Amino acid sequence: MQTEAKGHVEGLYIDENFELRAGAVTFGENIEGIKLGDVPQAEAAWRAGDSDALLWVPGFVDLHNHGGNGGGFPNGDYEQCLAAARFHRAHGTTTLLASLVSGTQEELCTRTELLAQLAEEGEIAGIHMEGPFIAAAKCGAQDPSRIVPGDPDFFRAVIAAARGHLRSITFAPETDNADKLLEVCAEHGIIASLGHTEADYDTMLGVIAKAKELGLTVTGTHLFNGMPSIHHRAPGPVAALLTAAKAGDVSVELIADGVHLVDGTVDMVHSHRAFAITDAMAAAGMADGDYELGSLPVTVSGGVARVPSGAIAGGTSTLAQQFASFAERHGLGEAVRFTSTTAADVLGEKDLGRIAVGARANLVGLNAQLEPVRVIVGGAEFIDS
């Protein structure tokens, strides 16, 4: 639930240049003004635990999320999907793409129609179609029986069901008709996210080059996960994506939860072309136990979700948790870039992911433990009901 906000917040904040500032931020739906204040005084109050002294950061932006709070976007009903979206919003994710998993055309069209309703109601920012045009050998927690070769007509049917809200698709660069899938992405302004792949280095770079010719935004789906490891004589898709990111042609998703990627791996590949995702599933925010991800059963033990094959089945973290962990190692400004700004830019929405005059008033107030205390979305305070 959202209520009208007071129109201003005060305290510390991270500015559009990723610097720590203090002041008062006034807003309607967008930020209207920022009056600078005293940083040492505000920081002392924040670190002392003053309940009125918060650190304000841009709302987190999650471009790959399958659910939470017991609800999964690939298989939950409307109320379960709404609960999942609002769980993540309560934890500071003000912009979220609801991710599907591999399914039949009928299944994915039906799911997309439901999620389009949530997008039209402002509960999510759009839909991410992960599969089914992926490599069966690197399916991870995707159902192998639902994986099919690249089919542009199938893709177009899901786009139609999405009513303009399909924002991203994950497919393997080696799938059939990859060039035609790219052309469909270009026609509809859809992000081409490459992953769940066995492609070699040259194949991956070749598809990226074709996407660049079409003017597409390209990302790497949860880098390292769902693809072969780097070998010094067979660098494979991971090295190709990192090479393309270095050239500015690709941005890469990192599940920086300490499970999918340990901190050292995140630190090794982090750049301004890398951004955090949760890949969260229904178990995010829930106790250990049995869940579902699409058509597959999932067991969560010790906070780690796995399908019967043993593959990790999505995440159980929030972006707020990833922000706190990353900030400890790289500082608050870089953590904002990692969990908000870069992903907003990938989405093509420069008014998100930053605190600046004219930007959308999506704000998260954090206490000294970097836990979300207040969430403001489009100038309205979000109250978890």
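1. Domain centres. Taken over C-alpha atoms, the centres of domain 1 and domain 2 are 30 Å apart. Domain 1 covers 5-56 + 356-380 and domain 2 covers 59-345; the bounds come from an automatic or database domain assignment.

2. Basis. This is a predicted model: local features need pLDDT of at least 70, side-chain atom pairs count only at pLDDT 80 or more, and totals for chains, interfaces and linings use all residues. Residues are numbered from 1 along each chain as its sequence is written, and side-chain values use heavy atoms, with hydrogens and water left out.

3. Twelve residues of domain 1 and 17 residues of domain 2 take part in the contact (heavy atoms within 4.5 Å). The two domains bury about 1,200 Å² between them, 78% of it on carbon and sulfur atoms. Buried area is the accessible area (1.4 Å probe) lost on putting the two parts together, summed over both. On the domain 1 side, Phe18, Asn362 and Leu370 lose the most area, together 43% of what that side buries.

4. Largest pocket. Its space is about 400 Å³. A pocket is an open set of points on a 1 Å grid over the protein atoms alone, where a 1.4 Å probe fits, with protein on both sides within 12 Å along at least five of seven lines; lining residues have an atom within 4 Å of a point. Volume is the space filled by probe spheres set on the points, which are joined across faces, edges and corners. Of the 20 lining residues, Val9, Glu10, Gly11, Asp52 and Ala53 are closest to the centre.
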